[in-house]
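Good morning, and thank you for coming.

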Amino acid sequence: MVTALKSGDQSAVAELYDRYSSVVYAVALRVLGDTGAAEDVLQEVFLQLWRNPSAFDAARGSLGAWLAVITRNRAIDSLRKRRPAIDLEDVVVSVASDLAAEADRSRAAEKVRGVLGMMAGAQRTVLEMAYFEGMSHSEIAAKTGEPLGTIKTRIRAGLMALRKAFAP
C-alpha cells in the first residue's frame, strides 16, 4: 500500500483512509474532545500522508501505530493553538464583601471563644485537638494518655455545650 502511495496511486490513499480513518479519528477525538477539531486533524494527517508518504518508515513500525502517533502530536499542537474560551480582559472580578455575613461570622466566632473559655481545661483541649489540629479520637487518646472513651465523652459534651450556646 505504502509503495503504491509513494508512486502517487490515489486508490491506495482511499484504501488506507478506509482502513485507518477510524483509529486516527478516535485518537484525535480522545485528545481534543471536540468532533469538529478531530475531523480537522483527521484531514491533516491523511493530507500529510498523501503529500509526504516517504515520512513513514516501515522498518520502524506499523503504519497504524505511526498514524496514531502523528495524530496525537497534531491534536496536541491543535490544543496548544486554541485561544482560551474567555479573554481575561473581559473577566470582571467582584471583591465586594458581604458585611452582614462578616458580622455574623465574627459574632459566631466570639460566641465559640466564650463557650470554649468557660469549658474545663481538659474538655477544651480535646476539642481544640480534634477540630483545630485535625486529630482523630485515637490520636488524641494516645497523645494525652487518656482512655479513648474519656476522649469521646469530653468531645461529645463539648459539642453539646457549643450546640446549646447556638440554639435559638
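Of the 168 residues in the protein chain, 24% are buried, where buried means under 20% relative accessible area, exposed means over 50%, and partly exposed lies in between, with a 1.4 Å probe and protein chains only. This is a predicted model, in which local features need pLDDT of at least 70, side-chain atom pairs count only at pLDDT 80 or more, and totals for chains, interfaces and linings use all residues. Residues are numbered from 1 along each chain as its sequence is written, and side-chain values use heavy atoms, leaving out hydrogens and water.

The protein chain has eight helices and zero strands; helices (H or I, at least four residues) and strands (E, at least two) are DSSP runs, numbered from the N terminus.

Let us turn to one pair of helices. The axes of helix H5 (residues 99-118) and helix H8 (residues 148-166) come within 10 Å and cross at roughly 135°; axes are lines fitted to C-alpha atoms, for helices over the stretch in contact, and angles run from 0 to 180 degrees between N-to-C directions. H5 is therefore oblique to H8, since angles under 35 degrees count as roughly parallel, over 145 as roughly antiparallel, 65 to 115 as roughly perpendicular and the rest as oblique.

Next, two loop residues. Phe-132 is found in the loop between helix H6 (121-131) and helix H7 (137-144), and Phe-132 is exposed, with a relative accessible area of 62%. Ser-7 lies in the loop between helix H1 (2-6) and helix H2 (10-32). Ser-7 is also exposed, its relative accessible area being 60%.
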